[in-house]
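Biologist: Please take a close look at the surroundings of the ligand in this model, and at the annotated positions that go with that topic.

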Amino acid sequence: MSISIIGAGAFGTALAISLARTGVPVTLWARDADQANDMQTRRENIARLPGVTFPNSVTVTSDISSALADTLLLAVPMQKMRALLTNTPELNGRLLVACCKGVELDTQLGPVGVIRDCDPLATPAILTGPSFAADIARGLPTALTLAIDDDTLGQSLQQALTTPNLRIYRTRDTIGAELGGALKNVMAIACGAAIGAKLGESARAALMTRGYAEMQRMAQALGAQPDTLAGLSGFGDLTLTCTSDQSRNYRFGLSLGRGEAFDPSITVEGAATARAVRARAKHMHIDMPITDAVVGLIAGKLQIAQAMEMLLSRPPKEE
Ligand SMILES: NC(=O)C1=CN([C@@H]2O[C@H](COP(=O)(O)OP(=O)(O)OC[C@H]3O[C@@H](n4cnc5c(N)ncnc54)[C@H](OP(=O)(O)O)[C@@H]3O)[C@@H](O)[C@H]2O)C=CC1
Ligand SMILES: O=C(CO)COP(=O)(O)O
């Protein structure tokens, strides 16, 4: 099974490096020709993943026709996935593995839903779970979830993506896998805001736990399996992202909590996703108070003290 990576950001580059270390040839596609040439010559992605040298078997190109493998890992931000698939018809009809986390703002679809919507002939899958690009690129031990409908194809893909340092678990629950990865970023913003505002570790633990309850509520309403949310793609990634300064979503939350500006060029998937999820939750009458608070904080309609008061003054209920 030949594999190419479409999108040369931090995660796409890390996946290319990790796969290529096993000796297989991997093509990494960047949309910008200058960036692709620079990476191919330097053997490093200075802009997005500095400090890690590419193995010899990585080829970087901006020519999509030379990146068309059996399997394509789509490593672009969630809100850019539709533009990628629409503007690059060469990708159509293949095994497309979404490597992004989020919910599309306009349609409230997840990555698998957007692939199905843009390319009905594609076979969609999603690779998600707790993993910082820098950790994968350095060869640190990591475990991810691969979600795909077809079990036979799933087994081949699982084998192809496994490396000595990257263990892949498989599920057929694409809805659960994509929702876990999307929703944990919203909770990471909430936790970052709490820590940034010096509300304490107990507040973070409460937000993580009640955030997980929100994740389960929405996921089950949309047909996901509770076990998927309890796995790497849900609970696993929630734990990583809500507790580490390496997370951009968490750092964005920290800056909200401290009242500081945040560099708008940094990818923060949870910001648009919070708005998309809130709209979907309202439509479906699902109670998601932490998501509501995150949307209010980001929009500047709530201060952190008001958000906490809103959460704490809700009517008493059973856990
Ligand atoms: N970084 C991480 O640790 C992890 C990230 N992820 C997920 O991976 C996804 C990508 O994140 P990440 O790699 O970190 O993001 P980055 O911000 O590092 O990079 C985004 C990349 O997407 C490219 N891109 C944007 N729009 C398009 C488009 N329309 N067509 C082609 N390429 C495009 C950008 O190209 P350009 O430079 O030309 O704008 C850039 O190379 C996110 O959903 C994230 O949640 C998952 C696990 C870990
Ligand atoms: O998804 C991630 C870790 O699993 C990366 O998190 P950030 O996008 O918040 O950096």
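Which helices each supply at least two residues of the shell around ligand 1?

Modeller: This is a predicted model, in which local features need pLDDT of at least 70, side-chain atom pairs count only at pLDDT 80 or more, and totals for chains, interfaces and linings use all residues. Residues are numbered from 1 along each chain as its sequence is written, while chains are lettered from A and ligands numbered from 1 in the order in which they are written.

The helices are α1 (10-20) and α3 (81-87); a helix is a DSSP run of H or I with at least four residues, numbered from the N terminus. With three residues, α1 gives the largest share of the shell. Ligand 1 is surrounded by 25 residues, the closest being Gly 9, Phe 11, Lys 80, Cys 100 and Thr 267; such a residue has its C-beta atom, placed from the backbone, within 6 Å of the molecule. The shell comprises 13 nonpolar, six polar and six charged residues, where Ala, Val, Leu, Ile, Met, Phe, Trp, Tyr, Cys and Pro count as nonpolar, Asp, Glu, Lys and Arg as charged, and the others, Gly among them, as polar.

Turning to annotation, an unreviewed UniProt entry lists Phe 11, Arg 31, Lys 101, Ala 133, Arg 248 and Glu 269 under "binding site". These positions span 259 residues of sequence and are also spread in space, with up to 22.9 Å between C-alpha atoms. Such annotations may be inferred rather than shown by experiment. One of them, Ala 133, lies in helix α5 (residues 133-137). Glu 269 lies in helix α12 (residues 269-284).
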